[in-house]
Amino acid sequence: MDYAQALLLHCIERFRGERSANAAFYLLKGKKSAQTIQDASWYSLRNVFSSLPVLSKDDFNRMIEQLLRNRFILLENLNVYVTEAGKDWLNKTFDHQPFPKWFNGWKYSGVDEQFWKRISLLVQTISYWSRYHSDFLPVQRDLTVQFWAKNWLKQIKGSSREKLAYQFYEELRQILSAVESLGVDPNLFLLRLSGYETTGYTPFQIAKSMKMDEDYYTLLFRGIIHYMIDSSWKEKRRYVLLSTIVQRKGDLFYLTKSSLLTYRFIREGKTLDEIVHLRKLKRSTIEDHIVEIAVKVPNFSIDDYVPIELQQKIVIISDRLQTRKLKNIKDSLHEADYFSIRLVLSKIDDIRKRLDMNNELS
Amino acid sequence: MDLSKLLKKYFSYTEFRPGQREVIESVLQGKDTLALLPTGTGKSLCYQLPGYIVKGTVVIVSPLLSLMQDQVEQMKARGEKRVVALNSFLSIEERQYVIKHLDEYKFIYISPEMLQSEHVLQQMERLTISLFVVDEAHCISHWGFDFRPDYLRLGEIRNRFNRPVTLALTATASQEVRKDISRTLYMEDVKEFIFSVDRPNIAIVVEKMQNVRDKGKRLEKLVQFLQGPGIIYFSSKKLADEWAKRLNEITDVPVAAYHAGIGLEERILLQQQFLYGELSIMCATSAFGMGINKENVRYVIHFHTPSDLESYIQEIGRAGRDGNPSIAILFYSVDDWILQRNLIEGELPSKGQIERFTEMMKYSDGKNLDVTRDGFSDSQWRILKKYFEESADEKQFKQKMESFVQFRLEWKHKKLTEIMNWIESDGCRRDRLLRKFSEHKIIKEENCCDFCGINWKNYERKSVGREYWEIEDWEKRLAKLLLIRGNDIEKSPEGNRC
């Protein structure tokens, strides 16, 4: 529970009283609503998005009570703030248990669960198969996963059972060696697997034996899964088998129908004014669409709408004022309109990265 | 037809356990059959084996979802692929797929809830059902300790399936319950088989204590003295968790907690660990035990008095399936009365809950009945929904509910008094227990019960516990999983797997 509290506190700190505690709950759970996705983008919280997908409202309420009791947060006119003591505790917790770098709930939430269910069943099946045993109780009871595994094995034709087992072993050994070289213990993943004469351990058991908070353990575990999905997709030739376990889908966040249509026009090279004319909609509506696109589409460039210089100014001002309130930003930067500010906030992490890079170069 | 050959071929057993052959033969002669077989004696074989002889489909109604899943997986593991479990564990897509392809399955396990769906019933009517099995049949009866309202419709459903040969199975049923079963299922000319619930190799001990603290102290002593593996039953998830933690600290044997609050994937791992002797003690709620075929459980401890003798018999029956000496120890203190009364009342809907439910139904127009169940337990919701659907109006619903609750409370209190009386009574415990099931102790056994006297030496720990698991090098573990030659570190499964 400790680490979950730290994550909650982290969100509240970033919100600086501008968003409610409930907004943090939805963000940590990974709710795919427009508001939550915007919160994650504007307040640079994409990395912790969906970091606690099974958190219940009851547990959340208990955590808030606990934070209040410890005086780590305080409530002021329905706004919630982190105290100095809270900041200290948060820093200490993150120093001791850094948030896993490879964790990417924004990109892999849900996909990671599918990957785990499939790979755990495959390893178990291959482990028994290669020894010519077919009688075992599957670790995954989900029929869709069982059907998938059956098909997957059918498609891997032409190689013997021993060969398949060896290839699977070799790919896992390589990818886990890479994990180890990043300073992460591969056993966090491996101890979960079951196979012939080997029973996996539960997260509770592993966390306990490693003297670790269970939520933190689960985060590290999912981080390894995210790394495995990521690397296997990037190096398909090296990870021939692993890269086929989950399919690379389109974007995790689907655009609404109307925004999708606007997006199509943009890709055809139409300008904002042209789209307003073509779709016979209000300018503000099309602006809303473009903001939604900026939040949801990873490589969407806003340079056509906001000059790069103004982008940087907005980032600097909003970071200096430590706010994501449009009005506060606009009051200090008259040349920017609300549309530009919203667009920039949606891409703030990317722009900041570019800014840092320029500073380093110059 | 040689039943023994089929037994060998499909199940790899060389001989039947007591009762199995008789029940199978009766079913194969086309007789409606009611069999009372104690737990752990292979009830499922009684319908699985006939499945290989009769032409049509075998339909098995079971109220225990996790047990159903386990059975299906075990059948698949021994090579029977034409088996499916139709229950709420399936996603909507899976369910649709299965319902469309029902005729491809030989064995269909189905929950009573699922049988309430008209769509499912229509699809099932098209099948040739040659054997209709009602597992845990005592749930049909108002007199049963585990009454399920959904079961009452099974007779009518059976008629719609053209009255297939029916096999009602239970581990425990009094005469009145047995009558109820035959009547509700419209079974005719029923052949009844009743096999003794007595398990002579399990010594029965009751220990009376002042309070929970004394129980705790005694438990700590016992787990260090007794030869494992063992199961310790608690009345709550929280206590199971707390004691698993505590026992891990004070003993040198690995302990885990098991209850319905733990995720399915983890429960599967814990079961396997227990089966293979990687865990010695399970601190459990009554959620643990069904479908777990571990032969060498040496003791079962009840930290609290169970709610009735039927549950007690089922739970101690998980010890000593290999026939070797085992012991069942029940802790009793006066607090147990209050605790059990609270539990019993908590299971049934209160007046306030009946009101709230009625309000909810008013506003939801009967839609979305399954989403807003906050504040109701599964069993409460099941009962409320059932009676709501059967009532003409609000008034009737409330009347029906209240008289039902009243009836159940009286019944449960009666059962509670029964087990408490058994605890307080003098005389041979086994004999008194068997009398409740219209049996008598036949032979005098050594190590019968605390009244007749037992020799504790028989249950003393012989083997030394091993360290809680050591973390091995990850590359070694990976090799062990996937490479045949990597498996040089031998680990043999403890006990038999069947």
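Predicted model: local features only at pLDDT ≥ 70, side-chain atom pairs only at ≥ 80, totals over all residues.
Ground rules: residues count from 1 along each chain as its sequence is written, and chains are lettered from A in the order in which they are written. Local features need pLDDT of at least 70, side-chain atom pairs count only at pLDDT 80 or more, totals for chains, interfaces and linings use all residues, and side-chain values use heavy atoms, with hydrogens and water left out.

**Exercise 1.** Find where confidence is lowest and highest in chain A.

*Solution.* 
- Start with the whole chain: pLDDT (the predictor's confidence in each residue, from 0 to 100) averages 91, and 98% of the residues score at least 70.
- Now go to the helices (DSSP runs of H or I, at least four residues, numbered from the N terminus). Helix 19 (residues 348-361) of chain A sits lowest, at a mean of 82, while helix 10 (residues 187-190) of chain A is highest, at 96.

**Exercise 2.** Describe the interface of domain 1 of chain A and domain 3 of chain A.

*Solution.* 
- Get the bounds, from an automatic or database assignment: domain 1 is 2-99, domain 2 is 111-244 and domain 3 is 257-361.
- Take the C-alpha centres of domains 1 and 3 of chain A: 26 Å apart.
- List contacts (heavy atoms within 4.5 Å): nine residues of domain 1 of chain A meet 13 of domain 3 of chain A.
- Look for salt bridges (a Lys or Arg side-chain nitrogen within 4 Å of an Asp or Glu carboxyl oxygen) across this interface of domains 1 and 3 of chain A: the rule finds zero.

Definitions and conventions
Helix = DSSP H or I, 4+ residues; strand = E, 2+ residues; numbered from the N terminus. Buried area = accessible area lost by both parts, 1.4 Å probe.
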